[in-house]
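Hi,

Here is the structure I promised to pass on. Have a look at it first, and then read my notes below.

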Amino acid sequence: MHPEVKVKPIARALSLALAAILVSSVFSVQAQAPANEPRHKVSSASDLPRFSYPVSMAPSTLLMADDDTFNPLALKVKHDVDSVLNDYEIEDKATLRKLYGVRLDVQLLTNDNHGAMATIDALRSLQEKPQAKATSGMIDRPLVEARLSTRSDSGDVFEKAFEKNLRARLDGMEWHVVQDRVKQAKGSFEIATPDLIVASEKEGLDPAASKSNTIDLDAASTLIEDRAFIKVIYPVRAQALAALTDFIAARNVLKPDIWAGREVTLTADQKLTPVRIGIWDSGVDTSLYPHQLFTDPSPDGHSTHGLAYDIHGNLYNGDLQPLTPEQRQAYPQVVQLEQGLSDVYSGIDSIAATEAKKTLASMPPDQLAHFMKVANFLGQWMHGTHVAGIATRGNPAARIVVSQFYDSLPEIPFPPTVEWANKFKADFQQVGDYFRTNNVRVVNMSWGDDVSEFEQWLTKTSAEKDPAARKQAATEVYKIWREAIENAIRSAPHTLFVCAAGNSNSDAGFLGDVPASLRLPNLIAVGAVDQAGEETSFTSYGDTVQVDADGFQVESYVPGGTRVKMSGTSMASPNVANLAAKLIALDPALTPEETIALIKQGAERSADGRRNLIHPKATIALLKERKIAAKSSR
């Protein structure tokens with residue numbers, strides 16, 4: 001269990017919490033297959049069973065309850081996780097990592113130390129990325145080893161043994177491989193407190209639990225993970241910070257940045273053709289890009305710069321979602337917090353980092369939970385503007401076309417329905433038609449949705465206690481949503497759509513994440529790497545993910561004009577859109593298929609075959625060679 005898992009969502013201004021109630025003696029679960037039946041084949045995330053757990057108090061209250069109150073839930077969840085591992089044939093390693101992670105958290109909480117060591121070994125064998133494999137069990141293994149050697153889980157002797165074990169483990173790691181993970185772990189220890197975790201549960205788990213007096217497996221897993229952090233990991237915070245700080249200080253050589261040398265900046269004297277770039281996202285502060293805007297000569301009930309839809313699917317005139325007075329007042333603090341937490345997790349000792357720590361430490365849980373809810377909205381509100389800056393960087397021919405909607409689906413205050421999905425299906429068809437009729441050549445889609453997101457949405461807004469019923473309802477809405485996105489892309493065949501692979505360290509195809517899991521000739525999905533071209537810990541992957549781009553600490557504008565660094569495949573995707581738009585500005589005759597082929601041909605494949613790093617300079621050179629060859633063949 002890595003502590004950054006606890007706090008990273010907060011760094012992104014995301015929430016984690018719900019409310020309702022303590023565990024009763026009866027649990028609702030889907031039936032386990034009899035021992036004589038073959039194991040169930042799991043081909044997608046939808047094939048996994050769903051579980052539900054009654055609670056008799058708010059999750060944030062249960063989190064801090066005594067062991068006699070909390071452990072029955074933890075053990076029941078572990079029983080269900082073990083049943084899935086025993087009864088289902090699962091090849092997807094991300095799913096297995098998640099299940100084994102829950103098992104480990106319960107083992108840590110119940111002092112099953114020998115079992116925990118076996119699970120730590122299993123988790124390491126399931127890691128696919130070099131950095132993840134090298135740092136797997138970074139905190140857990142030294143801790144369990146200290147428990148076993150001292151026959152204790154607290155006290156001075158135990159703490160010294162843990163720190164000694166951790167230092168020895170760190171010393172065996174290669175800095176160039178593990179530096180990002182180690183810095184993130186240190187940052188998490190600097191930020192995470194029990195109050196912060198309680199606040200995240202109040203904001204993310206408590207409201208949903210209050211609807212049905214139940215929590216699902218995902219919520220229960222979060223609750224158990226948070227409990228393990230507070231009860232097991234946080235008590236050795238001082239020792240962990242000392243070891244991590246010394247390790248970083250002795251080796252803090254930054255990775256080389258490969259991207260500056262690959263960058264291509266176009267100039268107006270290159271006889272460029274204007275290229276319309278759709279930013280299908282949360283909206284854009286168009287005032288920041290006065291010379292890079294598309295203007296619709298005859299808008300029909302919408303902005304002159306594109307389309308915008310509210311949460312009900314109604315078209316309105318605006319480029320950015322409107323803010324409440326409270327959101328507007330909080331915005332400067334949220335921007336500062338975003339940058340400060342980015343610095344904390346990057347190991348940068350800045351004024352913004354210091355202020356971020358002060359902000360989170362100064363708020364009691366109730367106040368912090370409300371602040372997180374506001375910050376959650378503002379985090380997505382900033383998103384589209386940041387993406388637009390990346391997509392148009394270094395391209396005077398770029399013309400932004402806005403397509404705005406709210407994709408933080410589980411935060412919508414009413415339950416999803418077939419009628420709602422069909423409304424957006426019509427909206428998305430309008431978006432596709434708008435792109436086609438206005439000759440939008442490139443569209444960036446730094447978002448994605450899968451069935452679990454609709455299930456989470458229903459958990460937060462519906463009183464339905466049966467997880468199977470929620471899954472059925474969510475699947476029905478998701479199918480319409482998926483079809484709506486696919487139809488929109490198909491309806492603009494001369495437009496290249498570029499999408500983010502996702503940030504769940506999972507196979508986008510297994511999850512059914514749309515648009516990243518779609519296979520269409522005018523769509524390319526993008527994974528994220530860091531400044532050195534190495535896989536980020538969060539990037540998703542899979543057969544549909546064709547190239548990788550810089551998605552780590554990418555700087556761009558947020559509304560109002562402040563420049564902020566953000567990380568995610570949301571930042572990698574517009575880097576590819578940027579390259580595509582530059583290619584088309586230089587050669588407007590390129591089709592989406594030809595543009596994709598050039599980008600892939602110019603990309604650099606890593607030695608392990610896991611990454612295809614875009615190379616703008618090499619790709620532009622290929623385009624020039626292509627044009628020369630075309631001229632000579634006439």
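**Aromatic pairs, cores and a helix crossing**

The count of aromatic pairs comes to 23 in this predicted model. One of them joins Phe405 and Phe428 edge-to-face, with 5.5 Å from centre to centre and 80 degrees between the planes. Phe405 sits in the loop between strand S8 (398–404) and helix H17 (418–437), while Phe428 belongs to helix H17, so this pair ties together parts that lie 23 residues apart in sequence. Phe405 counts as buried at 2% relative accessibility, and Phe428 is buried too, at 0%.

Trp420 and Trp457 make another edge-to-face pair, at 4.9 Å centre to centre and 85 degrees between the planes. Here the link runs from helix H17 to helix H18 (residues 451–461), 37 residues apart. Trp420 is buried with a relative accessible area of 7%, and Trp457 with 0%.

On to the cores. The largest nonpolar core has 124 residues, and Trp280 and Trp481 touch the most other members. Helix H16 (residues 365–392) gives the most to this core, 14 residues. A second, separate core of 71 residues includes Val42 and Ile120. Beyond its sequence neighbours within four places, Trp280 contacts several residues, including Phe405 and Phe428 from the pair above.

Lastly, the axes of helix H21 (residues 569–586) and helix H22 (residues 592–602) come within 10 Å and cross at roughly 115 degrees. Val576, Leu579, Ala580, Leu583 and Ile584 of H21 meet Thr595, Leu598 and Ile599 of H22. Seven of these contact residues are nonpolar, one is polar and none is charged.

Best wishes

Notes:
Residues are numbered from 1 along each chain as its sequence is written. This is a predicted model: local features need pLDDT of at least 70, side-chain atom pairs count only at pLDDT 80 or more; totals for chains, interfaces and linings use all residues. Side-chain values use heavy atoms; hydrogens and water are left out. Axes are lines fitted to C-alpha atoms, for helices over the stretch in contact, and angles run from 0 to 180 degrees between N-to-C directions. Helices (H or I, at least four residues) and strands (E, at least two) are DSSP runs, numbered from the N terminus. Contact means heavy atoms within 4.5 Å. Ala, Val, Leu, Ile, Met, Phe, Trp, Tyr, Cys and Pro count as nonpolar, Asp, Glu, Lys and Arg as charged, and the others, Gly among them, as polar. A nonpolar core is a set of buried Ala, Val, Leu, Ile, Met, Phe, Trp, Tyr and Cys residues joined through side-chain atoms within 4.5 Å. Buried means under 20% relative accessible area, exposed over 50%, partly exposed in between (1.4 Å probe, protein chains only). Rings of Phe, Tyr and Trp (its six-membered ring) pair if their centres lie within 6.5 Å; planes under 30 degrees apart count as stacked, over 60 as edge-to-face and the rest as tilted.
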